[in-house]
Amino acid sequence: MNQVPVLEVRHVSKQFPGVLANDDINFSLNKGEIHAILGENGAGKSTLLNIIYGLYKADQGEILVDGQPIELSNTQDAIRHGIGMVHQHFMLVPVFTVTENIVLGSEVTRNGMLNMKEARQKVTELSKRFGLEVDPDALIEEIPVGVQQRVEILKALYRDAKILFLDEPTAVLTPQEVGDLFKVIEQLRERGVSIIFISHKLKEVLAISDKITVMRRGKVVGSTTPREANERILAEMMVGRDVILTVDKEPARPAEKVLEVKDLTVFSDQKHKAVDHVSFDIRAGEILGIAGVQGNGQSEFVEALSGLRDAAEGEMILNGQRMPFKHPRALVEHAVSHVPEDRQKHGLVLSYSLIDNMVLCTYYQPPFAKGFNRQNDAMRENAERLIKQFDVRTPNADVKASTLSGGNQQKVIVARELSRPVKLLIVNQPTRGLDVGSIEYIHSQIVKIRDEGAAVLLVSAELDEIMSLSDRISVMYHGELVATMDVKEATREKLGLLMAGVTPD
Amino acid sequence: MASEPETKKTDFWRALWRSIGVPLGAIVLALLIGAVILLISGANPLLAYSALFQGAFGGASQISRTLEKATPLIFNGLAISLAFKAGMFNIGAQGQLVFGAIIAAFIGFAVKGLPWFVHAPLALICGAIAGALYGSIPGMLKAFTGASEVITTIMLNYVALNMTDWLVGGPWQDKTTEILLPRTPEILETARLDQGRLITSGLIFVILSLYLALMVYLFVKSHKKIRMAGKTTREFFTANLGSLLVALIPVILVGLYLLDLLQVGFLIAVGGAFFIWWLLERTTLGFEIRTVGANSNAARYAGINVALIMILTMVISGLLAGLGGAVETTGVDGRFEPAFNVGLGFDGITISLLGKTHPLGNIPAAILIGSMKAGSNTMQFEAGVPKEIVDVVQALMLFFVAADMIVRYVLRIKGKEEKVSLTSGWGQH
């Protein structure tokens, strides 16, 4: 039987300034199917979801529900077509009850007055029908996160959702709650609800889905089923098997030890142990690459080493000197440069000119300041020189950083961080979302600073990037460095297995 | 190359229009709607507005009164603008001002036997410090506990109000009159700002001469440099017209002072505005303040101590507000009486927004609001219009500056310019 898919996406493309977020996406969802979309952050999953949910408008392509093309100009349209979304960050009012939250926006009324009794009854009925146990009178702020998520799902079902999007639903849950969620998802499938499940966690995707579509760099790279795939295959698909980038570099000539980290333990914002007793060292003139699937503690790891986050345990020794944690300026003054993961959050002040952004960390040092007085001429000269040297495409040094494309914004950060003496360079996801030209340029700069004798710590979820740049590779899994090897010993298969948590004995 | 100065010039006007178009539009719209309200209430708006203008600028004493009214407003506008730059909303300027005013009064009446050139500055400094200390409280609460400064400053305003009420009704009450009023005794002559006018005039005259000599020296020096670079004197003048005009402002002000049109307080206020402008634009501390306001995450990344900067900003903000209160006490009122200072701190919000939170923008904005305050009595007297209409117009101005989309639409001001981040931190904690 040739079934008509409940949802079909045809040739959808979406361009953001500097990034092709979705590139000719084709995708279909059958009735009663749990379909996982797998991909790294920045692979374009959320963009696709937001297009189908009516939050973004696609530049090209069409979306069909039950075989009929639909017009989506806002989320109300999507809801009308039976599409429901459970956001990663819940959209609930903490001081309202479960019932109030579920009916909010489409309240049950009688003669223009709220009819909470009937609403409550409807909610109870709904939760029974789908086997989603909730107390309709509990306050949201008093129930656990897993139950809050159930309320979000009920909210969508209350609006007659036949297609449910779950955006990283397990990110906020404990393992126990994940098990409960999976039971709920299966019950929904039995009742004919079709589900799109977004994740970058391989195990979960294999455990729950009927079909898996993998996205990478804005493209669908393939579809498979849990029966045909395993974690290694998925990891490879996610991080890419096609070597599109080769970097010309000489073999490393490691010299003296620059950075030594002992027993580093860091907690995440949710007070989970994100980095678990990690020890390693880097020598001058080598690049240590940290590979790993996103969300295995890399962000917290880099934040601790770059002074943005406190470490619970451990020490960081730089050129034989113990460094304080949570003190970014001490690091700057000890010749540590940092290209942060999120260039718009940490790396730049978007409303500032390039002149100011180019001295963001050194604004108080001569020649940019004499005592209290900032020296405009020196800062301008600095910015103009760096713009030229690092080939930043900008009309002049006075424009705001927000007007530049992503690639040029990243070049501004790289230029700034490499413009002062560097003994240790920490780079996290240096090329995420960039075009090929910018990627090549930034890669060549990283190699260049290594050849000039700096130690480089490169963290990336792109296996290609790790393999083409690093001299040594460590794999991070669940907050631990599970293995370290020379780049010559590293193969894709080996790394893929390690990234999936399979340790060879 | 030849056309470059011209494009620069049109760029300049366009940028100017973009930056002051909205406040100007807001003022005009507010006056128009005010006129409609006047019409509805049966008054002649033209008559009312011309009386208002007469009362504010009609003569030497009127101008003097307008500038006197503008003085504390400049300080409060500055206090609020500075906090905005660091991403904070200092609604507590009122409380900081009140403390500054009462402490200045206390120094003024309680400390005896000092010569005027020690006593008056001492009163000002103590008032400023009182405001600074009071401002540091919400700063520390915000920096260490994340408590919204909007809430804490509002509450601290009440604390200030009640504390001063108690002081003027109790320990610091004026006991010299038969009927006891809730106010402090009058400050000593030596604490009054305009004491020794002759001597200060002479002093200012000397400083002014030195200033002019310095300007001429700098002028000749850069002129020489320009001539060596092969440009004509004429080009030099057109290129530096702006800075020449700015350099003349102090001369004009001092001239007005010598003609007895304005008070020392106003000079201090304008000096304060230039100082804050210099602080924000030219110093590393200013850069730190602006960075914390623009992107606190990037500020942390840059190694800036965000908590310290927040506290410091609130301290300086409180210092400005306190100084405003102290100037008002020592320059105008001569004593502290709660009713004198009502609402000045809140007017600061209007002024800061009308001035687009630019330190120098506060000066014209404060003069505008000051003129409305100064002229409202004349308007009431001559046009028979209740002077509260001035408050309505002022509220409308604030409304239109805040709802700038309306003004933009009416005036067709293109392009999104930098929005003041008034709401950073709201509801995020």
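In chain A of this predicted model, four strands form an open sheet in the order 14-13-16-17 with antiparallel pairing, where helices (H or I, at least four residues) and strands (E, at least two) are DSSP runs numbered from the N terminus and two strands pair if DSSP finds at least two bridges between them. The edges of this sheet are strand 14 (273-283) and strand 17 (321-323) of chain A, each of which pairs on one side only. On average, and with direction ignored, neighbouring strands of the sheet are turned by 25° against each other; axes are lines fitted to C-alpha atoms, for helices over the stretch in contact, and angles run from 0 to 180 degrees between N-to-C directions. Within the sheet, strand 13 (residues 257-267) and strand 16 (residues 313-318) of chain A run antiparallel and are joined by five bridges, and A:T265 stands opposite A:E313 of strand 16. Helix 9 (residues 298-305) of chain A lies across strand 13, strand 14 and strand 16 of chain A, at about 60° to strand 14, two residues being in contact if their C-beta atoms, placed from the backbone, lie within 7 Å.

Residues are numbered from 1 along each chain as its sequence is written, while chains are lettered from A and ligands numbered from 1 in the order in which they are written. As the model is predicted, local features need pLDDT of at least 70 and side-chain atom pairs count only at pLDDT 80 or more, whereas totals for chains, interfaces and linings use all residues.

A second sheet of chain A is also open, with six strands in the order 6-9-10-3-11-12 and mixed pairing. Its edge strands are strand 6 (83-86) and strand 12 (219-224) of chain A, and its neighbouring strands are turned by 20° against each other on average, direction ignored. Strand 3 and strand 11 (residues 211-216) of chain A run parallel and are joined by four bridges, with A:A36 opposite A:I212 of strand 11. Helix 1 (residues 45-52) of chain A packs on this sheet and touches strand 3, strand 6, strand 9 (163-167), strand 10 (194-199) and strand 11, its direction making about 150° with that of strand 9. Helix 5 (residues 145-158) of chain A lies across strand 6 and strand 9, running at about 165° to strand 6.

The loop between strand 2 (19-29) and strand 3 (34-38) of chain A contains A:G32. This glycine is partly exposed because 17 other C-beta atoms lie within 10 Å, a residue being buried with 20 or more such atoms, exposed with 12 or fewer, and partly exposed in between, C-beta atoms being placed from the backbone. Apart from neighbours within four places in sequence, A:G32 is in contact with A:R189, A:G192 and A:S194. The C-alpha atoms of A:G32 and A:S419, 387 residues apart along the chain, are separated by 56 Å.

Chain A is assigned domain 1 (7-229), domain 2 (244-335 + 422-505) and domain 3 (348-420), the bounds coming from an automatic or database domain assignment. The centres of domain 1 and domain 2 of chain A, taken over C-alpha atoms, are separated by 35 Å. Strand 18 (residues 336-339) of chain A pairs in the parallel sense with strand 21 (residues 424-428) of chain A over four bridges, and A:V339 stands opposite A:V427 of strand 21. From strand 18, A:V336 and A:H338 point one way and A:S337 and A:V339 the other way, and all are buried.

Chain B, by its secondary structure, comes to 17 helices and zero strands, and 44% of its 429 residues count as buried. Its domain assignment gives domain 1 (70-194 + 285-370) and domain 2 (196-262), whose C-alpha centres lie 31 Å apart. The axes of helix 3 (residues 60-85) and helix 13 (residues 306-333) of chain B come within 8 Å and cross at roughly 175°; these two helices are therefore roughly antiparallel to each other, the class for angles over 145 degrees, with under 35 counted as roughly parallel, 65 to 115 as roughly perpendicular and the rest as oblique.

The contact between the chains takes 20 residues from chain A and 15 residues from chain B. Helix 11 of chain B supplies five residues, the largest share of the side of chain B that touches chain A.
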